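Open your viewer and get ready to select residues by number. We will go from stop to stop, and at each one you will learn what to click and what is there.

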Amino acid sequence: MNDMLNTKPEFSLDEAGALLARHFGLKGTLAPLDSERDQNFKVTTDDGRIFILKIINAAEPAIESDFQTALLKHIGENAGDLPVPHLHPTLSAASLAETTSARGGVHRLRLVSWVPGVPLAQSDRSEAALESLGQMLGRFDASLRGFMHPGALRDLDWDIRKAGRSTDRLHHIADENDRALLGRFLVRFEKDVAPRFATLRASVIHNDANDWNVLVDPDNRDRISGIIDLGDALYAPVIAEVAIAAAYAGLDHPDPIGAAAAIARGFHGEYPLLEEEIDLLFDLIAMRLVTSVTISASRRTHTGDNPYLAISERPAWTLLRKLDAMQPRFATAILRHACGFEAVRGARAAGVWIEQNRKSLLPLLNRPVATYPADLVPYGDPAHPMTVNSAEARPHDAQFIWEEHCHSTGVELGIGPWGEARTVYSGEMFASRLIDGARRTRHLGLDLFMAAGTRLYTPLAATVVSVDVEQEPLGYGCLIALRHEPAGCPPFLTLWGHLAHGAIGRLKAGDRLEAGALVGEMGTAEENGGWAPHLHLQISTDTSLSATEILGVGEERYLDVWAELFPDPSLFAGMAGEFFTRSGRSHEEIVRLRKALLLPNLSISYDKPIKFVRGEGAWLIDDRGRAYLDCFNNVCHIGHAHPAVVEAMARQAATLNTNTRYLHDNIVAYAERLTATMPTELAVAGFVNSGSEANGVALRLMRAHTGRENAIVLDWAYHGTTQELIDISAYKFRRKGGIGQKPHVHVATVPDSYHAPADWPIEEHGKRFAESVADLIAALKAKGEAPGFFLAESIPSVAGQVFLPDGYLKEVYRMVREAGGVCIADEVQVGFGRVGSHWWAFETQGVVPDIVTMGKPIGNGHPLAAVVTTREIASSFNNGMEFFNTFGGNPVSCAVGLAVLDVIERQELRRNALEIGNYLIAAFRKMQMRYDVIGDVRGLGLFLGIELVSDRKTKAPATDIARAVSNGARQRGVLMGTEGPHDNVLKMRPPMIFSKRDADHLIAVLDETFMAVAAGGA
Ligand SMILES: Cc1ncc(COP(=O)(O)O)c(C=O)c1O
């Protein structure tokens, strides 16, 4: 340096002007510029162009000025539009000229264009300006790809790879704490960074994008207008370019990582960075500062105490202290995210895996979390007394307020959502370490509030990582971290905070927990950090963080980063998204509009109606995100929204839908498949849109075949909504609004074995009940008439899930046929394998009907229905009148019908129905032993009934209890119905995909409900 000062050029303005004219042929005004070792002049030519004339120090090795020249030339040739100094050739078209001073020193001369702009140091460093800086550096470095020069390989202390030399300069730092601070970064550097240099991409880079070398457009301060001073250019890791710019941009910046992220994002857009480069960025930023403060300190030692140097170092020290206080992995996550990478490798994949596999996760609470009536805990409202009490460390008062709320509203589970803005975190520990003056306010876990002692189970197999106790007030209390490594998913952690201390002795690091195993219990305020009892559940996709490093609350500004590092665990916990995203009209408004706009006798289930917004498998989700196990709605035969059905429907709807007057494959394919499930006699199908229409067509077939009208039907039966069907449905014509029995309608006794006279031997029930039909036929005969048909459900459902006694239909069919009538089986509720043992419930009676009608489950919710009959009856129907049904049998409906049959067969759902049905019946029978009110349990497959009686001897109906049980089950999230003339039969028809887990849930809820009802509640 001192040598360099001796050889510094000292030309006068006139001499410099003469050199300009001689070598470059230019005339103009010269103004001297600062330079430590060279001489620089700002040249304004007479024609208004501006240049810099550089007269280079005589002692500068030629290789350096050659390198500079080659560098400028390369940029000029490859990126002429880049706003950096561009070479102006000498009169002899050379890049450099040469002159000898009066003292005999040989100086090289270079003329470069002037780059206009204001130094960034004198402008606000807006985020946009920093991103623009990154872009400019990216373009600069991209233009140097493939450029090399021996001068680029010089040895510089400012080379980031040489940052470890700072260790040798540490002794110049007087303060022990300061030395320790730098030592911590140096240790990280030697251990984690330096070994990786060998494999990093390297290139010639600017290497000194400090804010005096970066120019801003004065008319648009968000735009970088140029980069100057390529004097420190060097062959170095590409990422060092970003690190150096970020180190300077972070000085006195309230959010230095945000500043670095803006630069990285801009750079990445022009010159894509690699993940492994960004992963080193935090440390490289720090090391540029370490290099800077140690070089300054060593210079100070050499130059004596220079207060200017000390002042200029202050921002670097401040930034180093801030970086030292940060969790480097969080800073890196922010930098990665800014460049579009996952905040940590695998972060997004874990979220996707949880979303895709949520149905296989086991309940975190005793029952699936979504089944509890839940409400938000008011921590998002700073003025709410519960929040105030919590923040002021009065957990019992907070708990009391919450319990009162639960008591008055029926809520059982409190939810503190992920991402909620909370002011409850008031302590110093919640000050941001990333952003000056900011606080951490956004909740990064999910809180579940229930009573202390509530047991908590892991939804997924896990290994215990740690079991800690945090003592700080408003900390976690007992805290457990689990590691999950499901197949096909990057590992992730779950954090369970505020637990009872009982877990401490029971679990230790390394323990293996199977899915569904107990993790712990919610702790009391005394052991959970001083909160109303709740679980703080959090996911960390960064598995290298320890339980206490995981950030429970984060800065709002980086919520999108936290969302990847600590994703919302609500799906993992088993919540439905609808809890958080409520949509559509209120219940009250819908009820009002229904009243105003719809037929007033369109009924609504339950006094407090439910608004469902989504169905999924055996579950229905309401508009508040509560999940109900659907054990009633047998239309969703193979589960709500079955993807195979949805896909078949969508594919065909997107291709063609039209009526049956044109040829199409689907209708014949479906008729072939449907009739193949039936006895061979039943060979001809007709397609319609509802069970009522199917029964209507059945009656037309019957009339065409017999020419008769007389009906024999079972009491308390329902067959459809048209007037002619109401007329033959005793359940309708006998009850309120009905106009009584028409003369052609003859009603037989329901063959209900449970209510058979006690003196009938069980094996005679079929025959004895059939006598009721015999009597009706005899009465007709006496009048000189005969039955046209006998119509019955193969398992009378509305009559109370009545299973026909053995031999009943055989006997009745024989008599009806002898009298010239046809036999119609209504399989609208009971068909399609619901009974498990057979496709059709009539098969359990060993009969073959003449006509079978079907609907409800046939299309899994799509309006499709069918009637199937014999060739003989079909030909009677073919009497010249066209059979046309606009929608019946259309290509979309038939595609749906085919998909349903496929799924029943492929997923072996009949076998499932039988197995699960038997399991449920056995469990109900066990319950029957404990609850006297259960008079009879009956069922086959997944068609089930429990008859409730107030006296097992008299079998007097326990109608109120049946209603209370049905309502109680609904309260507990399970849907069932009541049926029978006295509404005392609990009716269950769960979907055919009902699993053992679903069955266990139903059993548990029913048991709990019976217990509550027995105790006088519901
Ligand atoms: C046994 C039975 N048959 C026929 C029907 C009429 O079917 P839909 O409502 O599709 O017209 C029903 C409807 O509940 C039914 O339960």
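Start by selecting Trp 716, which sits in the loop between β28 (711–714) and α22 (723–727). Helices (H or I, at least four residues) and strands (E, at least two) are DSSP runs, numbered from the N terminus. Is Trp 716 buried or exposed? Its relative accessible area is 15%, so Trp 716 is buried. Buried means under 20% relative accessible area, exposed over 50%, and partly exposed in between (1.4 Å probe, protein chains only). Trp 716 also has a positive phi of about 60°, although it is not a glycine. Most residues other than glycine have a negative phi. Now jump to Tyr 606, another non-glycine residue with a positive phi, here about 70°. Look for Tyr 606 in the loop between α18 (587–597) and β24 (612–616).

A word on what you are viewing: this is a predicted model, in which local features need pLDDT of at least 70 and side-chain atom pairs count only at pLDDT 80 or more, while totals for chains, interfaces and linings use all residues. Residues are numbered from 1 along each chain as its sequence is written, and side-chain values use heavy atoms, with hydrogens and water left out.

**Next stop: the ligand**

Among the residues around the ligand are Ser 690, Gly 691, Tyr 718, His 719, Glu 793 and Asp 826.

- Ser 692: an N or O atom of its side chain is 2.4 Å from an oxygen atom of the ligand.
- Lys 856: here the distance from a side-chain N or O atom to a ligand oxygen is 2.8 Å.
- Gln 829: a ligand oxygen lies 2.9 Å from an N or O atom of this side chain.

These are polar contacts, that is, pairs of N or O atoms within 3.5 Å; within protein, one must be able to donate a hydrogen and the other to accept it, and residues adjacent in sequence count only if both atoms are side-chain atoms.

**Zoom out: the domains**

Colour the protein chain by its domain assignment: domain 1 (13–113), domain 2 (118–339), domain 3 (347–579), domain 4 (588–642 + 908–1017) and domain 5 (656–907). Such bounds come from an automatic or database domain assignment. How far apart are the C-alpha centres of domain 1 and domain 3? They lie 65 Å apart.

Select residues 31–272, which an unreviewed UniProt entry lists as "domain: Aminoglycoside phosphotransferase". UniProt positions are given in the numbering used here, feature names are shortened, and annotations may be inferred rather than shown by experiment. This stretch is 34% helix and 21% strand, with its end C-alpha atoms 41 Å apart.

Now find His 206, in the loop between β8 (202–205) and β9 (214–217). With 0% relative accessibility, His 206 counts as buried. A polar atom of the His 206 side chain lies 3.0 Å from the backbone oxygen of Asp 229. His 206 and Phe 140 are 66 residues apart along the chain, yet their C-alpha atoms are separated by 7.9 Å.

Stay in the loop between β8 and β9 and select Asn 213. Asn 213 is buried too, with a relative accessible area of 7%. Its side chain reaches the backbone oxygen of Asp 208 at 2.9 Å. Leaving aside neighbours within four places in sequence, Asn 213 is in contact (heavy atoms within 4.5 Å) with residues including His 206, Gly 226 and Ile 227.

**On to a helix: Glu 313**

Glu 313 is in helix α10 (residues 307–325). At a relative accessible area of 6%, Glu 313 is buried. Show Arg 300 as well: a polar contact of 2.6 Å joins the side chains of Glu 313 and Arg 300.

**Last stop: one face of a helix**

Select helix α12 (residues 347–357), where Ala 347, Ala 350, Trp 353 and Ile 354 are buried. Looking down the axis of α12, you will find its buried residues within an arc of 125°, so they line one face of the helix. The arc is that of the directions from the helix axis to the C-beta atoms. What do the buried residues of α12 pack against? Select β19 (492–499), β22 (534–540), α16 (559–565) and α17 (570–573) to see their packing partners.

How values were computed. A residue is near a molecule or strand if one of its heavy atoms lies within 4 Å of it.
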